[in-house]
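Take a moment to look over the sequence and the 3D structure before reading on. Let your eye follow the chain, and then we will walk through some of its parts together.

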Amino acid sequence: MDEQPSASKSRTQKSKKRSRDGNQNPGGAKHENLQVKIQLFQDQPNKIPPLVAYFPSGYNPQTQQRQDEEESNNQNNSPKVPKVKVFRNMAQRKGNRLQVVVSPGGSNVDFVGSSFTGEAAAAQVCRYSLGVLDKEAGTLKIIPIATNKIFRLEPRVRTAETANEEASNSTKSELTANRMDKLGELTALYGTKRERKKRKDAINLKKEVDSESQKSLDKKIEEVAFDKEALANTSSLIARNIPPHNVSATTPLEAYPLDKIILKGDWDFLGDIYKLWQGGEKVATNAYPHFVCNRIRKLDAIKDETQQWKLSCILSYITHLMKFRDQFSMGHVKSGKKHNIPSIIHHRFLNLFTDPESKILASEKINLFISYVLVLALHVDGFRTDPSDIAQDLRISKVDLRQHFLNLGCKLVRQNSILYATLPVPLNFPSQNIRRKRRQ
């Protein structure tokens, strides 16, 4: 990859490696301090970044190449060097699909890995980069790897018949996939509600399930002792569209566990408000929700730094939720697009709140979105919150917001002409039948 200063960010950092009492590491070499210049390179559309792959079968191309070189030297033949080929789908919507093929010399076995099937098709929970340290130049170059995927190279026997068959099948499947994608787009844009639902059901039916995993899952399900009372209430809980919760919790913190809402990998990307607060900067009212701006002062009253950081991260998560919704709201799209939501969090929001086909905010998920915001607001206010500013941020009336709080199992308490939402435990949800009668 060519170096382009305009496409990279550089900073100088001192890398410290210490050894206690002058001890040496197992290799006998002492740790050393390096003053290096870190260069962060960004993705460039016209270039393919480095690819990272591994051989689960235990095949090592370097070891094999040394053996081949020794044999060729003994027999005065040229060494057999493994060939590496990279195939890229040139379709506009599938340009990030790559396939790597490693062909050892003198063998009819290929090692094949792709960025869109098998292990690589699983959900991404982290990002990968390649670092190159040049001690002489004093630089550490960090480059993103291709498609943010590590290729698993599986062995395949190469024959003329299978090669032709694979090529034919891949061509047909690509044509069929392209045609189905276009039909899906047309259905999502112009199809009736019934047609969209029919297509969504068809996609769900065609999902491939690993047979071994399915057998293991079936076996585990048979061993589970089901709670009949919980099963009876399943339909009502699904209809509520609420975050993960614990009905038998003895404290409000356990009722809606924070680690089930903000996942472990999310916290590292939620430090923006904490940095502003530490630097003494004021939070811009046009860049953050009213609820967040009104709760920043809570950080001053907290003495524990860990709790300060935790509260600021929750406020940051609420901000990302609000700005995510603005990206789909008329009149607020510009505000939402300007806000930078970390990719790992944005991907999770897409899975939680949008339609998988059209990638728009699903109407049946709006209540779930509101519930997530309200639960986090309760955590911030110690499970006794005044919903006035959060109603303003959600752009719904206080009266409508009360029903959402009740749906979470909250209790509304009036004090000094202010209505507060509290969360008693254990959770007690309102009956669905009562709600229907009130609507009638």
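The paragraphs below go from the whole chain to its sheets, its helices and a few single residues.

First, a word on where the picture comes from. This is a predicted model, in which local features need pLDDT of at least 70, side-chain atom pairs count only at pLDDT 80 or more, and totals for chains, interfaces and linings use all residues. Residues are numbered from 1 along each chain as its sequence is written, and side-chain values use heavy atoms, with hydrogens and water left out.

Let us begin with the chain as a whole. Its secondary structure comes to 18 helices and 13 strands; here helices (H or I, at least four residues) and strands (E, at least two) are DSSP runs, numbered from the N terminus. Of the 440 residues in the chain, 33% are buried. Buried means under 20% relative accessible area, exposed means over 50%, and partly exposed is in between (1.4 Å probe, protein chains only). Contact, another word we will need, means heavy atoms within 4.5 Å. Among contacts between residues at least 6 apart in sequence, 61% join residues at least 24 apart.

Now find the open sheet of four strands, with the order β4-β5-β6-β10 and antiparallel pairing. Two strands pair if DSSP finds at least two bridges between them. The edge strands are β4 (83-88) and β10 (154-157), and each of these pairs on one side only. From one strand to the next, the twist averages 30°. Within this sheet, β5 (residues 98-103) and β6 (residues 109-114) run antiparallel and are joined by four bridges.

How many bridges link β11 and β13? The two strands pair in the antiparallel sense over two bridges, and R384 stands opposite T422 in β13.

Axes are lines fitted to C-alpha atoms, for helices over the stretch in contact, and angles run from 0 to 180 degrees between N-to-C directions. In α17 (residues 398-407), the residues L401, H404, F405 and N407 are buried. They lie on the same side of α17, because they cover an arc of only 160° around the axis; the arc is that of the directions from the helix axis to the C-beta atoms. After α17 comes G409, whose phi is positive, near 95°.

Next, look at how two helices meet. Two packed helices are described by the angle between their axes and the distance between the axes. Helix α14 (residues 343-353) and helix α15 (residues 366-380) pack at an angle of about 130°, with their axes 9 Å apart. The two are therefore oblique to each other: angles under 35 degrees count as roughly parallel, over 145 as roughly antiparallel, 65 to 115 as roughly perpendicular and the rest as oblique. From α14, the contact uses R348, L352 and F353, and from α15 it uses L368, F369 and Y372. The cover over the buried residues of α14 includes α8 (258-261), α12 and α15.

Finally, visit a few single residues. Leaving aside neighbours within four places in sequence, T319 is in contact with I273, A287, Y288, P289, V292 and H339. S329, in the loop between α12 and α13 (333-338), is buried too, with a relative accessible area of 13%. The C-alpha atoms of S329 and L361 are separated by 9.1 Å, although the residues are 32 apart along the chain.
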